[in-house]
Amino acid sequence: MGKEYLGEFEELILTLVAVLQEDAYGAAIAEELETRVKRDANLSAIHVTLYRLEDKGFIKSSFGGSTNERGGRRKRIYAITNAGMAMLKAMKESRMELWKLVPQLKIVG
Amino acid sequence: METESIPFAIKLLRKFCPSQLLEEIEGDLLQQFQRDIRLVDERKAKQRLLWNAIRYCRPGILLRNKIKSNINTVDMLTNYLKVALRVMGRSKSYSFINLFSLALGITSFALLFIWIQQELSYDQFHADKDRLFKVWNRDIANGKINCWDVTPRVLAPTLHEEFAGVETAVSYAAWGEQHLFVEGQKRILKTSGAYADSSFLTMFSFPLIKGDARTAFKDPKSIAITETFARELFGDEEAMGKSVTIGEGEASMPVTITAVLKDLPTNTEFKFEYILPYSLVEMVTGKKVRWGLNSVYTYVKLREGVNADEFNELVKGVVKKHYKDTKTREVFLFPLTKMRLYSRFENGVQSGGRIEIIRLLGILGLALLVIACINFINLSTARAQRRSKEVAIRKVTGAFRHSLIAQFLCESMLLAFGAGLLSLGAVYLALPYFSTLVNEKLVLNFYNINFWLGGVSLLLLVGLLAGSYPAFYTSAFQPVKILKGFFTASSKSVLRTALVVFQFGIAITLMVSVFVVQRQIMYIQNRDKGYDKENLIYQNFTGTLGKNFQSYKNELLQRGIATSVTKTSNPITERWSNTDGIMWRGKDAQDKTLFERFYADQHLATTAGLTILRGRDMDLEKYSTDSTAVLLNEAAAKAMGFSDPIGEKIQDNGVDWHVIGIVKDFIFTSPFHPVEPTILFGCNQSWAFSVAHIKLNGNRPIRENLQAMEALSKKYNPDFPFEYEFVDDAYARKFASVETTRTITLLASFLTILIAGLGLLGLSTFMIEVRVKEIGIRKVMGGSAISITQMLTWASVKPILIALAIFSPLSWYLTNWWLSTYPFHISVGLFTIPVAGLTVIIMAIVITGTQTVRAAQANPVESLRNE
């Protein structure tokens, strides 16, 4: 890992941005978190994390369309950058290296 | 979609959320809200929305983007400060002059400001201060309307009974009567008490530590005391509810402490350590119901909504209604909150008062501050040339003018805050001395947020005042001219001269004031007092001293301690009582001349050294009828219109007296006023006597006399401490306030001259730097050191001469006004202003002298060697 470090929640959000692609914006990420990861996260926490990731250069953002549901406000669509992708990969790989070291045959119980 | 009505949660969000994030966040919140409506009910969804919105109030959102744009500013500020410190370090003497004079200016302003604030806060702390009034008398005497605030005892109860607009009315008297408090072994003699009606404590907001203000004086035999006095009486024990005895022997009286007051604040006209209720006084001495006897202050609290002006119309006739002897006397209400500063009346009309002094002090404080700022302005504009290259480079590399202005303001702010820090220390150290000087208890309120806010805004103001002109001036330089070398900042400037003229104008005005005040004090001190203070002392009759007076006196005389002893009604330095009711043969019915009463048993002329002009002194041994004899002073004889009053009969309050002589006028009340008509009464009215005047034997050392007196005092007055007062000390106290004026003007003028002189020193040093080549050439061409010194000195003296011309009328007007407040005064004088001006000029020459002389003596080779 480089000098940058990602927290667990940051990593989760970054992954979701990568997953949702064209549809990665605050409310959608919150919904996705709830349905897929079964995590109830406050919207403000998600936004703060998104801004932090953007500051670190792992994601970039641009305004997207608006819907009636949003009272006419535009979405801010986030997209993962190359640096973000590299970061995710690096983290996954280091995680896998460690995972390999865990004795796999241990029987739970 | 309900886009029109924006939910409260969103409105709340808009209050704190950075605007560039708002659209996205709002959208996301609303989207989630819509989803929540589908999943749960609407009420719950709204709650969630609100909660979600509130959760945005976190640093990750609040700090967003604001700081990023500030980073550059922070860098620039650091750079400004760094440059400012370097500039200051490079020319230490200029920085010192700037810093020191600013610190002096701020310190004096702060001290005066603290004082003024104290004065303005007098009696402003009472809960219903707008409804509190003091009752004044108004009467016509000899064609002039007099106003005074001492009123009859019956006035307060009468007002309360007869006027519906009055909520409460109290009599209050604190005339310094002596009370002996006996508590166990302790015997404490106090003169700091007051008598007041029972509702006094509820009317005014003096906080109680113990007791109930409403019921404290229900029983006549009660007393309210301050915490300090309580500690004096009972130490750390609880005072509330205890009993203390006042007086001793037959006249003693136990009273119960029913209230303990917090010590009185310093900013109140009331001064007492204990209050006795009037019900107690009247139990002992009976009710005083005479309308002609003015003996107490009367305070009134009006009901809410009662208009004071309308009430004054109603109330003014109350005296005439009850007091048959007067057709002209009226009363009126004057606001308590204005008593301190606005209570001077001229011919019945309110006209100024202490506020005039306070305003002058305010102007003085501001003037000192401005004078200090002027130093900064002058020195920085004069030396701006040295900064011109820096300005040019900054401009060429893209600095806007406003950022240059910011830079120079930054420097003046830095200086102002540095000076402010110094002043804080100086004020802290100087305040105790200043408090004694102005005779007020002044404190720095470190825990008050206003103190710090006020201090910081003062410093900002000073920084702005001093720095704005130099900042605009310097930042306007044109880089092309500077960098091509065409630019020379002119060493002469009309504005700079004008500012120096202003500085020295103030200095000269103050100097004139110092001279005038000093001469006025000398004039009054040298005024013929009409009596001899030498070796003259007085003693108040405490305990049994009055009863044993005759034997005490005999022994004093026999043992050669004293040469003459007289018992009197009051010290010769204090007025005691006066009346316009004296009757004499041929008196005009309209004549309302006020006569001072002074009772003396005999030999007063010998004791006090009065000069008998006609007739003789009272002498009971030779003339037994002298118990009803009176002596008139010259003024009294003149007022009665007698050329030879001896043998005339006069009447005071129904008692007959006969005139046996005239004494030369002597200063009885104020040395600043003409001598009032005064009548010296004989010993017929025995109740009046409470003071012994003793002329000590001048052939013996004073210390020996006093020791012998102390022994005698123990013998004749065993229970009371030996106390005495020298008449010349008491007389000197009459000068306390005018001496404060003298010290303040002296200090202020010293400070002004110091600050202005420092500025002048800085300027002349700079001028010499600029003209160093010119001086060198002059010397090479044969100019003498003296002529060059003359030339340089003239440059500094010229603005002072202009100041003298411009500010002479002002100083004349000001000092003339001050003098006119004293009935006995000198004129400003033809020579005062020139002499004061000359003094200032000489000081200025001395201050700048070392620099000019050194410049004139310098070897021209040094200045001309390099080009």
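This is a predicted model: local features need pLDDT of at least 70, side-chain atom pairs count only at pLDDT 80 or more; totals for chains, interfaces and linings use all residues.
**Ground rules.** I number residues from 1 along each chain as its sequence is written, letter chains from A and number ligands from 1 in the order in which they are written.

**Entry 1: chain A.** I began by looking up the secondary structure, which comes to 4 helices and 2 strands; helices (H or I, at least four residues) and strands (E, at least two) are DSSP runs, numbered from the N terminus. Along the sequence I read the pattern α-α-α-β-β-α. Taken along the principal axes, the C-alpha atoms of chain A fill a box of roughly 55 × 35 × 20 Å. I find 28% of the 109 residues in chain A buried. By buried I mean 20 or more other C-beta atoms within 10 Å of a residue's own; exposed is 12 or fewer, partly exposed is in between, and C-beta atoms are placed from the backbone. Among contacts in chain A between residues at least 6 apart in sequence, 49% join residues at least 24 apart. A contact here means that two C-beta atoms, placed from the backbone, lie within 7 Å.

**Entry 2: domains of chain B.** The assignment gives domain 1 (8-62), domain 2 (150-342), domain 3 (356-523 + 736-864) and domain 4 (536-732); such bounds come from an automatic or database domain assignment. I noted 56 Å between the C-alpha centres of domain 3 of chain B and domain 4 of chain B.

**Entry 3: helix H28 of chain B.** H28(B) covers residues 832-857, and its 26 residues should span 38 Å at 1.5 Å a residue; the end C-alpha atoms are 36 Å apart, which agrees. The expected span is 1.5 Å times one less than the number of residues. I also found a bend of about 55° at B:Gly849, the angle between axes fitted to the seven residues ending there and the seven starting there. Helices H19 (494-525), H25 (736-770), H26 (772-780) and H27 (785-820) of chain B are among what covers the buried residues of H28(B).

Beyond its neighbours within four places in sequence, B:Ala836 is in contact with B:Ile508, B:Met511, B:Val512 and B:Phe515. B:Val514 is 322 residues from B:Ala836 in sequence, yet 8.8 Å away, C-alpha to C-alpha.

**Entry 4: strand S7 of chain B.** In S7(B) (residues 193-196), B:Gly193 and B:Tyr195 point one way, B:Ala194 and B:Ala196 the other, and all are buried. Strand S4 (166-173) of chain B pairs with S7(B) in the antiparallel sense over 2 bridges; pairing requires that DSSP finds at least two bridges. B:Tyr195 is the bridge partner of B:Ala173. With strand S12 (274-277) of chain B, S7(B) pairs in the parallel sense over 4 bridges, and B:Gly193 stands opposite B:Tyr274.
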